[in-house]
Number of protein chains: 4
Amino acid sequence: MKSAERRAQVLAIAAAVFAEKGYHAAKVDDIVQRARIARGTFYLYFEDKHALFGELIDGLLGRLRTAIRRIDVAAPEPVIEQLRANVRRVVALLFEERALTKIMVSDAVGLDPGFDDKLLSFYGQVRSVLEGSLSEGQRLGLVQPCSPQLAATAVIGSVKEIVYQSIFGRLQVGVEEVVDSLFACYGQSLLR
Amino acid sequence: MKSAERRAQVLAIAAAVFAEKGYHAAKVDDIVQRARIARGTFYLYFEDKHALFGELIDGLLGRLRTAIRRIDVAAPEPVIEQLRANVRRVVALLFEERALTKIMVSDAVGLDPGFDDKLLSFYGQVRSVLEGSLSEGQRLGLVQPCSPQLAATAVIGSVKEIVYQSIFGRLQVGVEEVVDSLFACYGQSLLR
Amino acid sequence: MKSAERRAQVLAIAAAVFAEKGYHAAKVDDIVQRARIARGTFYLYFEDKHALFGELIDGLLGRLRTAIRRIDVAAPEPVIEQLRANVRRVVALLFEERALTKIMVSDAVGLDPGFDDKLLSFYGQVRSVLEGSLSEGQRLGLVQPCSPQLAATAVIGSVKEIVYQSIFGRLQVGVEEVVDSLFACYGQSLLR
Amino acid sequence: MKSAERRAQVLAIAAAVFAEKGYHAAKVDDIVQRARIARGTFYLYFEDKHALFGELIDGLLGRLRTAIRRIDVAAPEPVIEQLRANVRRVVALLFEERALTKIMVSDAVGLDPGFDDKLLSFYGQVRSVLEGSLSEGQRLGLVQPCSPQLAATAVIGSVKEIVYQSIFGRLQVGVEEVVDSLFACYGQSLLR
DNA sequence: TATGAATGAGCTTTCATTCAT
DNA sequence: AATGAATGAAAGCTCATTCAT
């Protein structure tokens with residue numbers, strides 16, 4: 001148990017270091033020094049730097065997957081509320097895990113074909129959920145006729161950019177504000 | 001003049017190599033070998049690898065800035081058409097310059113505080129243009145009441161994600177399709 | 001303790017390599033190959049080639065400073081004997097440390113403003129000691145009237161040249177012979 | 001003739017650059033830029049950087065050799081005055097050619113076995129002249145009994161050090177002062 | 001389980017020299 | 001004679017990883 005804790009601690013420290021310096025600038029030394037472990041110990045816990053990074057990304061993607069629940073049109077809760085809850089959970093998680101979010105959007109992209117696949121596959125899954133909901137919504141006459149694929153992609157992009165700007169840029173917003181704004185934008189039409 | 005051509009050629013080859021392998025995995029050797037120049041010649045044309053990369057990014061950002069024109073509400077052309085033309089030019093440029101686009105979204109982010117600033121500043125400018133148009137639109141009753149800042153960010157994110165997915169992912173779309181879809185999404189309301 | 005020994009060993013080997021090839025011609029590779037360590041190990045022990053060289057020079061200058069003791073006119077031992085002991089210790093040290101002496105006179109000069117300062121400052125200190133003794137000697141009527149500054153410089157030069165010639169050149173002399181000759185030259189005029 | 005002038009000019013500029021930066025830090029580029037010639041032109045005039053440097057050193061050594069004249073005991077001018085004239089000419093030349101002097105004492109030493117031989121052979125010649133004079137002086141009872149070889153070396157070292165200190169260090173002296181001081185130091189003991 | 005000294009492949013960059021014009 | 005773009009060998013240094021203790 002002690003070992004698992006230590007591992008988790010190193011993982012958290014590594015996330016912070018990666019977020020601070022970026023994957024390449026973050027040296028294994030930086031991590032072990034901050035974690036107060038020996039260099040060799042690092043390799044006792046992790047295959048290598050790359051694998052540790054992968055674990056961080058996988059962890060975040062897993063938690064994001066958990067946060068996103070398939071919309072159930074038959075459920076008592078209205079579809080739009082289910083969607084809103086999904087978005088809220090995702091945004092809340094990303095805002096909570098700033099370090100992991102940062103490395104996901106700025107370091108994992110283009111680092112490696114493997115990571116690109118991982119991310120693309122994740123975004124594909126999310127898009128598939130959204131596309132399903134939108135198609136269903138169109139079938140029920142709740143959603144405007146348009147390409148569900150592109151619309152889903154656009155929504156994902158909106159969330160990513162708002163999160164990205166609030167982490168890197170000067171955008172100062174809270175979770176509720178983001179969710180409300182997204183639904184204000186998409187919910188009634190930006191341009192009438 | 002021959003020299004300028006050679007320089008441009010190396011620049012183009014470097015863009016391709018960076019797009020293929022990523023900034024860090026792309027070695028100066030890869031570039032010079034493909035360009036069929038000696039390693040020393042590379043440093044005759046460019047300060048170093050970093051500076052060459054910066055030139056590529058600056059070039060694309062410059063062309064993007066040129067593609068984005070401030071919306072003129074007093075012009076005879078409808079505001080929405082001006083907006084559409086902006087989006088079309090941007091998307092067309094990004095689709096045309098796939099290699100540069102790829103390195104901008106996947107390598108320039110988090111590479112360096114300098115590059116992050118560069119990108120953030122660019123996105124800030126674009127957002128400012130969009131925000132202005134949205135605010136003006138709201139004043140004229142053409143745009144739904146919502147945070148212009150977040151809405152603008154959302155729109156930028158939509159464009160980025162669609163472009164990103166069509167370059168990295170499996171999204172197979174053309175320029176017109178993207179523009180139409182964006183306006184279908186935002187133009188009449190995604191959810192009724 | 002093992003590590004300190006290894007470090008000292010590398011230092012000694014480096015001194016020999018520098019003496020043999022000169023600072024610039026001596027490659028880090030030459031040193032590590034002779035020391036039978038990996039290239040990376042070198043940088044574990046020393047900041048870089050320059051710093052290692054600096055350490056060698058500092059070490060010799062330090063030992064030379066220790067060898068030179070301020071003349072005490074009030075001491076029971078005659079001033080001239082104190083002076084002779086100083087010269088003997090210096091010459092003996094330089095003869096003993098041929099490699100270090102060689103790099104000090106042939107590589108450290110003009111290598112770097114920092115090294116020039118270091119050497120100049122050392123020679124300045126030695127000259128100051130000698131000047132003091134000469135001035136005191138003149139006050140006591142033991143030394144011929146002449147510029148103590150130039151005389152001190154001349155004496156230093158004599159020692160340097162004799163050592164230099166006996167290391168580089170064909171001058172085959174021993175410590176005692178050098179000391180005796182110096183005092184034979186200077187002993188009846190400079191010192192009355 | 002134009003070409004010879006140009007060559008001489010490049011030579012002079014190179015001397016200045018070498019004196020300023022040292023042999024290794026002085027790049028061929030620095031020289032050609034200051035001389036306002038193309039890089040290729042440099043190699044039209046000189047074999048290479050090393051040969052140019054050699055020419056500078058050879059030139060100074062040649063002029064020094066000219067300045068040093070063999071003492072003629074049979075001449076009407078007293079031996080001591082002949083010696084003094086020699087020293088005066090040498091010191092005057094070195095003070096006049098500070099750049100060349102600097103590179104001779106700080107760059108040529110230990111640069112190359114070839115240069116070391118060159119310098120050693122020069123100093124050997126000078127020493128031989130001095131030794132001859134001192135031996136002759138001893139035979140005539142004009143000079144104290146001591147090792148002519150070591151005495152000659154000491155005198156050479158004195159001159160070198162004074163010149164070195166007045167170029168690199170803070171020693172501010174004129175030619176006459178140097179000559180006078182040297183003869184004050186050596187003049188009453190070495191020379192009876 | 002933990003350590004940290006040792007490793008060495010591999011990188012970017014420099015610069016004296018060449019050679020087609 | 002003059003040019004300067006091109007060359008490429010060679011150097012210093014880094015850092016992820018290994019392994020003897």
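How many helices and how many strands does the secondary structure of chain A comprise? The secondary structure of chain A comes to nine helices and zero strands, where helices (H or I, at least four residues) and strands (E, at least two) are DSSP runs numbered from the N terminus. Along the sequence, chain A accordingly reads α-α-α-α-α-α-α-α-α. The C-alpha trace of chain A spans about 60 × 35 × 30 Å along its principal axes.

This is a predicted model, in which local features need pLDDT of at least 70, side-chain atom pairs count only at pLDDT 80 or more, and totals for chains, interfaces and linings use all residues. Residues are numbered from 1 along each chain as its sequence is written, chains are lettered from A and ligands numbered from 1 in the order in which they are written, and side-chain values use heavy atoms, with hydrogens and water left out.

## Chains

Contact here means heavy atoms within 4.5 Å. Two pairs of chains touch, and the pair with the most contacts is chains A and B. Chain A and chain C are joined by no contact, and their closest C-alpha atoms lie 14 Å apart. Chain A likewise has no contact with chain D; the closest C-alpha atoms of these two chains lie 31 Å apart.

Two packed helices are described by the angle between their axes and the distance between the axes. The axes are lines fitted to C-alpha atoms, for helices over the stretch in contact, and the angles run from 0 to 180 degrees between N-to-C directions.

In chain A, helix H1 (residues 2–21) packs against helix H6 (residues 98–106) at an angle of about 55 degrees, and the axes are 8 Å apart. This angle makes H1(A) oblique to H6(A); angles under 35 degrees count as roughly parallel, over 145 as roughly antiparallel, 65 to 115 as roughly perpendicular and the rest as oblique. H1(A) and H6(A) cross in a left-handed manner. A crossing is left-handed if the near helix is turned anticlockwise from the far one by less than a right angle, and right-handed if clockwise. H1(A) contributes Ala15(A), Ala16(A), Phe18(A) and Ala19(A) to the contact, and H6(A) contributes Ala99(A), Leu100(A), Lys102(A) and Ile103(A). By class, the residues of this contact between H1(A) and H6(A) are seven nonpolar, no polar and one charged. In this classification Ala, Val, Leu, Ile, Met, Phe, Trp, Tyr, Cys and Pro count as nonpolar, Asp, Glu, Lys and Arg as charged, and the others, Gly among them, as polar.

In chain B, H1 (residues 2–21) and H6 (residues 98–106) pack at an angle of about 50 degrees with their axes 8 Å apart. H1(B) and H6(B) are therefore oblique to each other, and their crossing is left-handed. Ala15(B), Ala16(B), Phe18(B) and Ala19(B) of H1(B) meet Ala99(B), Leu100(B), Lys102(B) and Ile103(B) of H6(B).

In chain C, the angle between H1 (residues 2–21) and H6 (residues 98–106) is about 50 degrees, and the axes lie 8 Å apart. H1(C) is therefore oblique to H6(C). The crossing of H1(C) and H6(C) is left-handed.

## DNA strands E and F

A residue is near a strand if one of its heavy atoms lies within 4 Å of it. DNA strand E is surrounded by 27 residues, the closest being Thr41(A), Arg39(C), Thr41(C), Tyr45(C) and Lys27(D). Of the atoms of DNA strand E within 4 Å of the protein, 60% belong to sugar or phosphate and the rest to bases. The surface near DNA strand E has twelve nonpolar, five polar and ten charged residues.

DNA strand F is also surrounded by 27 residues, and the closest are Gly40(B), Thr41(B), Tyr45(B), Arg39(C) and Thr41(D). Sugar and phosphate make up 60% of the atoms of DNA strand F that come within 4 Å of the protein. Near DNA strand F, the surface has twelve nonpolar, five polar and ten charged residues.

The table lists polar contacts, each a pair of N or O atoms within 3.5 Å (within protein, one must be able to donate a hydrogen and the other to accept it, and residues adjacent in sequence count only if both atoms are side-chain atoms).

| Protein residue | DNA atom | Distance |
|---|---|---|
| Tyr43(B), side chain | phosphate oxygen, DNA strand E | 2.9 Å |
| Thr41(C), side chain | phosphate oxygen, DNA strand E | 2.6 Å |
| Arg39(D), side chain | base oxygen, DNA strand E | 3.1 Å |
| Tyr43(A), side chain | phosphate oxygen, DNA strand F | 3.2 Å |
| Thr41(B), side chain | phosphate oxygen, DNA strand F | 2.6 Å |
| Val28(C), backbone | phosphate oxygen, DNA strand F | 3.5 Å |

The elements that give two or more residues to the surface near DNA strand F are H3 of chain A, H3 of chain B, H3 of chain C and H3 of chain D.
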